[in-house]
Every structure is written in C-alpha cells, then in structure tokens.
Amino acid sequence: MAKQKKQFLLDIEPKQLYSVLKPIVSENYRTDQIIQWIYSKKVLDFEGFTNISKDIRGNLESSFTLRSFTNVIKDESILDGTVRYTFRTYDNKYIYAVCLPADNKKTVCISTQVGCPVSCKFCLSGKTKFVRNLSRGEILEEILHIENDIKERVSGVLFMGMGEPMLNYKNLTSVIKTLISKKEMNIGKRHITVSSMGIIPAIKNLANEMYGVRFALSLHATDDKQRTKIIPNNFGTTISDLLNVCKYYLKKTSSRVTIEYILLKDFNDTSTDAHRLARLMKTNGLVNPSVQVNLIPYNETNSFDYKTPLQVSILNFKKILKLNGITVNIREPKGLDIGAACGQLGKK
C-alpha cells in the first residue's frame with residue numbers, strides 16, 4: 001500500500017503536537033496557535049498560519065502535509081440540496097461523504113473505512129471490497145473539507161457513511177475527542193451519532209468512555225434468522241444481545257439511542273414484524289422517551305432486488321409501534337437523484 005511522503009498533521013492528536021512539533025516550535029503558545037489554525041479556523045495550507053513566522057511555516061511545510069485527498073468530486077441534488085462528496089485518498093481509493101442541509105443547519109454523514117467488511121445485502125457500500133480503515137486525519141478531513149466548501153461550520157456529524165465505525169474504534173474515538181473539544185472543533189456531543197450494526201465490545205467501550213454521543217443500532221430485522229439473511233457477517237450477535245447493549249448504552253450515558261430499521265418490501269415490513277419489534281423493545285426495557293425507532297423505507301439501487309414497501313405498509317408499521325408507546329420516525333430520503341440516500345453510498 002502506498003504511504004504518504006510526509007507525516008499527515010491531522011493524524012496527530014492535538015495533545016501530542018506539543019512534543020511532535022518541539023524541534024520546530026519551542027513555545028507551547030505557538031503550538032496552541034497552530035491547533036487553532038487547523039481545527040478552529042480550518043486553514044487549508046501552512047501559508048495561512050499568518051501569526052506564525054515564515055521560517056516556522058517553511059519547516060512545517062517540509063515535514064508535514066495538512067490535506068491528503070488528491071481529488072474531490074461534488075454532486076448536488078436538485079431535489080433537496082443534499083451534496084455528495086467523493087474523495088480520492090492518497091493511495092487512490094475512493095470514499096464518500098454527504099452534507100445534509102436542513103433548517104439553516106448542516107449535518108454531515110461521513111465514512112470511517114475504505115469499503116465495508118460487513119457487506120449488508122441491501123447496502124451499496126457493502127459491495128465495495130474492504131481495503132483498510134481510514135486514519136484519524138482522513139475522517140476529520142472529510143468534515144473539514146465540507147466546512148471549507150460550504151464556508152460554514154457543520155452542526156452535526158453522523159458516522160453512518162461507508163464502513164463499520166466500531167471496527168475502526170481507536171480512530172473513531174480519537175476523532176470524537178477532537179469534535180467535542182471546545183478548543184478544537186466544538187461540536188455538541190448530542191449532535192454526534194455513531195451508527196453500528198452491532199460490535200458489542202466496542203459499543204460497551206464507547207458507553208464506558210462517557211463521550212456522551214448518541215448511538216444508533218442498525219437492527220433491520222425482528223428475528224435472528226431474518227437478520228442473518230440480510231447481514232450474514234453479523235459477528236455472531238443475536239438481536240437480544242444487541243438490544244441489551246442498547247439498554248446498557250442508554251443507562252450508562254443517558255444519551256439518545258436510535259434503532260435503525262430498513263423496510264424491505266415483503267421481507268420485514270409486515271404487521272407481524274412490527275408487533276414483534278414492539279415486543280422485543282418492551283422485553284428489553286427500550287420503550288423509553290430517549291429511544292427512537294427510525295423507519296427507513298428502502299432506497300432502491302440497480303445492484304439489489306429489494307423493493308421499497310408500499311406507503312400503506314410503511315404507515316401501518318409506524319402506527320403499530322406508536323400504539324405500543326414507541327417513539328417512531330419515518331426517515332425521508334435525501335439525495336436520491338445523486339446516490340446519496342441511505343444505502344446508496346458506493347460506486348455509482
């Protein structure tokens with residue numbers, strides 16, 4: 001695999017920069033300024049560090065790189081203003097991120113891996129062969145690039161793009177620390193959501209480390225046999241185990257938990273499924289104002305045979321959950337015309 005010629009500055013946690021930059025920057029306050037330029041002011045190159053001497057800027061340029069993506073393709077939806085970004089990494093791989101505008105706010109959906117090892121049978125990301133984890137810096141660069149492009153701060157971050165975030169746990173949590181730090185990117189922890197198909201030890205670790213971000217479980221089925229058909233690489237987890245770890249996360253963090261449920265026509269969209277999901281949530285103590293079910297009507301692609309359910313089935317599913325006291329939302333698709341909706345992030 002190709003290596004970056006110079007060390008990628010975004011890969012280094014800010015607290016480590018004081019020692020890493022010591023040969024170039026002797027005063028700590030100068031390192032503070034550099035951190036501010038990188039994360040608060042989001043400057044694209046070292047020449048933009050205008051309160052740092054020219055000599056220091058030159059030394060930084062010689063030893064480090066500030067951006068790693070070599071090409072960016074941008075697609076904007078004419079339906080709703082959603083923007084899909086295709087980034088080419090230093091080793092010529094492609095990853096995807098989405099900017100979701102709503103009510104004068106901008107939320108970004110970002111990737112954590114090149115390809116996806118889970119390979120869900122309804123998700124285009126899963127058709128991209130897993131290559132490697134994204135580094136801390138690459139994950140952050142997705143966000144920083146979008147902020148530079150839209151010329152404003154993003155208000156929320158969804159770890160719901162290509163890849164399984166919990167299988168890149170070290171870099172995921174390193175990024176979260178930078179996102180919630182008031183001295184760095186200063187995004188509220190309640191505006192950050194980590195999604196997972198269910199890597200239980202990592203979910204428990206995320207709860208125990210008390211970052212306070214929100215958690216979303218990609219459940220998508222109401223019995224284990226059904227779930228295995230669409231998520232064959234489920235790491236041996238059962239639905240009962242997954243809902244138990246959701247309960248643990250809720251108790252530990254007091255942060256919102258979301259159950260993501262993709263609705264596939266004539267597969268998991270029946271009244272029987274809705275009643276079974278309601279029973280599972282009651283049994284596991286998840287009928288709670290801080291727990292929400294997101295129903296996601298399948299966004300069709302040419303790569304799979306699944307179809308979007310009829311509207312009457314979607315509304316009936318929602319009605320049954322609501323009658324059982326469950327907070328439920330139907331997620332509206334965003335960026336359908338550019339391949340940016342849920343399950344569509346992959347090679348077009």
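**Helix packing and selected residues in the predicted model**

Helix α9 (residues 271–283) packs against helix α10 (residues 311–323) at an angle of about 30 degrees, with the two axes 9 Å apart. That angle makes α9 roughly parallel to α10. Angles under 35 degrees count as roughly parallel, over 145 as roughly antiparallel, 65 to 115 as roughly perpendicular, and the rest as oblique. Axes are lines fitted to C-alpha atoms, for helices over the stretch in contact, and angles run from 0 to 180 degrees between N-to-C directions. α9 passes α10 in a right-handed crossing. A crossing is right-handed if the near helix is turned clockwise from the far one by less than a right angle, and left-handed if anticlockwise. On the α9 side, the contact (heavy atoms within 4.5 Å) is made by S271, D273, A274, H275, L277 and A278. On the α10 side, N316, F317, I320 and L321 take part. These residues divide into 6 nonpolar, 3 polar and 1 charged. Here Ala, Val, Leu, Ile, Met, Phe, Trp, Tyr, Cys and Pro count as nonpolar, Asp, Glu, Lys and Arg as charged, and the others, Gly among them, as polar.

The model is predicted: local features need pLDDT of at least 70, side-chain atom pairs count only at pLDDT 80 or more, and totals for chains, interfaces and linings use all residues. Residues are numbered from 1 along each chain as its sequence is written, and side-chain values use heavy atoms, with hydrogens and water left out. Helices (H or I, at least four residues) and strands (E, at least two) are DSSP runs, numbered from the N terminus.

Helix α4 (residues 136–150) and helix α5 (residues 169–180) form another packed pair, at an angle of about 45 degrees and with axes 9 Å apart. The two helices are therefore oblique to each other. Their crossing is right-handed. R136, I139, L140 and I143 of α4 meet N171, S174, V175, T178 and L179 of α5. By class, this contact has 5 nonpolar, 3 polar and 1 charged residues.

Helix α6 (residues 200–208) packs with α8 at an angle of about 10 degrees, again with axes 9 Å apart. α6 and α8 are therefore roughly parallel to each other. From α6, the residues I200, I203, K204, L206, A207 and N208 meet D241, L242, V245, Y248, Y249, K252 and T253 of α8. The contact has 8 nonpolar, 2 polar and 3 charged residues.

T253 belongs to helix α8 (residues 239–253). At 9% relative accessibility, T253 counts as buried. Buried means under 20% relative accessible area, exposed over 50%, and partly exposed in between (1.4 Å probe, protein chains only). The T253 side chain reaches the backbone oxygen of Y249 at 2.7 Å. T253 also touches R190 and A207, not counting residues up to four places away in sequence.

S254 is found in the loop between α8 and β12 (257–263). At 57% relative accessibility, S254 counts as exposed. S254 has a positive phi of about 55 degrees, although it is not a glycine. N92 has a positive phi of about 65 degrees and is likewise not a glycine. N92 sits in the loop between β4 (83–88) and β5 (94–102).

V118 lies in the loop between β7 (113–114) and β8 (132–133). At 3% relative accessibility, V118 counts as buried. V118 touches E164, M197, I231, N233 and F235, not counting residues up to four places away in sequence. V118 and K129 are 11 residues apart in sequence and 9.8 Å apart in space, C-alpha to C-alpha.

Terms used: A polar contact is a pair of N or O atoms within 3.5 Å; within protein, one must be able to donate a hydrogen and the other to accept it, and residues adjacent in sequence count only if both atoms are side-chain atoms.
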